[in-house]
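Student: I would like to learn how to read a structural model feature by feature. Please take me through one.

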Amino acid sequence: MRSVCVVGLGLIGGSVLRAAAAAGRVTWGATASTADAEAARQDGHDVLDLASALDRAHSEDALVVVAVPLPAVEEVLRALPANVRLTDVVSVKGPVADLVRRVAPHARYVGGHPMAGTSSSGWTAGRADLFHDAAWVVTTEDDADRDVLTDVVDLALAAKAHVVPTTATEHDAAVARISHLPHLLAAVLASVGADGGPLALSLAAGSFGDGTRVAGSRPELVRAMCEGNRGALLDAVDDALGRLGAARGSLASTGGLAKTIEAGHAARRALVDKPTLTDLTIDLTAPDAPRTLRDLGARGGRIVALNGTTALALTP
Ligand SMILES: O=C(O)C(=O)C[C@]1(C(=O)O)C=C[C@@H](O)C=C1
């Protein structure tokens, strides 16, 4: 079992460290936050300064997991020893891959992104079970290091997530729609509601609470996430504005909103209805493995188990 070094011990990094430790891995971490470091140590985890944590990762051939916000990634990459096994959990993949190519081209990098979180932050908000049943994206570019790909899949499965393979570009376009746009819409919705005054807020119930939950996240983290995916997010915002404009038009002219509401209802049902899955075995070391995995991800398939060099995957 590969050892795991987590850099950044906030909600996500702290949860990765806990999950890996709970799965029996040797783990240690590093963080620039004194509060997170103290809290993690109090919970019995090994927290080192960044240089020592990375040195140890190098000498023990561990997997380094970068779990800091995008604006802080470059500094961590600059501190990396040569040829280290590297992944990250940042919510955009293209910009991180570009940084790795520019700043740490020697790193053996495969991007990752667990699709789980809460609106809380910091070590104390983390949980070992945060990733249970969550999707954990693994980027499978054609030149992906097969060994590190296996390490990242293995870590995700140890955290009881399932792995969704895709490319950085496809990932960024997808999360713009299902994560970054919702964060932006939640911020807008929260402001619109609050501007309704004390009466409106005193009446706020399920729909307003659900729709604005993530507006409670730390603003600088949401900002880093959205700005880091600017191009894809602008496309998603344009799409949303177009649909909102059409809905406004039909509400104003005919009073009929049926099309918008029925389309949304069908889309939501498709999200909730689980596809039927069948077993499939993939050799992760095969030359065409990245492409095979990407095809699987594009069809809504996922990796749910690893057996040596093979992944047992389920596909619709
Ligand atoms: O559930 C939440 O609070 C989240 O915001 C989690 C969420 C999302 O669903 O948008 C946010 C960012 C992560 O990169 C992945 C998942």
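Student: Is lysine 259 buried or exposed?

Tutor: Buried means under 20% relative accessible area, exposed over 50%, and partly exposed in between, with a 1.4 Å probe and protein chains only. Lysine 259 is exposed, because its relative accessible area is 74%. Lysine 259 belongs to helix α12, residues 258–272. Helices (H or I, at least four residues) and strands (E, at least two) are DSSP runs, numbered from the N terminus.

Student: What should I know about the origin of the values?

Tutor: This is a predicted model, in which local features need pLDDT of at least 70 and side-chain atom pairs count only at pLDDT 80 or more, while totals for chains, interfaces and linings use all residues. Residues are numbered from 1 along each chain as its sequence is written, and side-chain values use heavy atoms, with hydrogens and water left out.

Student: How is the protein chain divided into domains?

Tutor: Domain bounds come from an automatic or database domain assignment. Here they give domain 1 (4–166) and domain 2 (172–272). The domain centres, taken over C-alpha atoms, are separated by 30 Å. Contact means heavy atoms within 4.5 Å; 13 residues of domain 1 are in contact with 14 residues of domain 2.

Student: Which residues does histidine 171 touch?

Tutor: Leaving out residues up to four places away in sequence, histidine 171 touches Ser91, Val92, Lys93, His113, Val137 and Thr166. Histidine 171 lies in helix α7 and is buried, because its relative accessible area is 3%. Threonine 166, in strand β8 (residues 162–166), is also described as buried, at 12%.

Student: At what angle do α7 and α11 pack?

Tutor: Two packed helices are described by the angle between their axes and the distance between the axes. Axes are lines fitted to C-alpha atoms, for helices over the stretch in contact, and angles run from 0 to 180 degrees between N-to-C directions. Helix α7 (residues 168–194) and helix α11 (residues 230–253) pack at about 65°, with axes 8 Å apart. A crossing is left-handed if the near helix is turned anticlockwise from the far one by less than a right angle, and right-handed if clockwise; α7 passes α11 in a right-handed crossing. On the α7 side the residues include Ala173, Ala176 and Leu184, and on the α11 side they include Leu233, Ala236 and Val237.

Student: Which residues of helix α10 are buried?

Tutor: In α10, residues 219–228, they are Val222, Ala224, Met225, Cys226 and Gly228. Their cover includes α4 (70–78), α5 (94–103), α7 and α11. Cysteine 226 counts as buried because its relative accessibility is 9%.

Student: How many disulfides does the structure hold?

Tutor: A disulfide is a pair of cysteine sulfur atoms within 2.5 Å. The structure holds 0 of them. Cysteine 5 is buried, with a relative accessible area of 0%.

Student: What is the phi of aspartate 61?

Tutor: Most residues other than glycine have a negative phi. For aspartate 61 phi is positive, near 50°. Aspartate 61 sits in the loop between α3 (50–59) and β3 (63–66) and is partly exposed, because its relative accessible area is 34%. Asparagine 83 also has a positive phi, about 60°, and is found in the loop between α4 and β4 (85–88).
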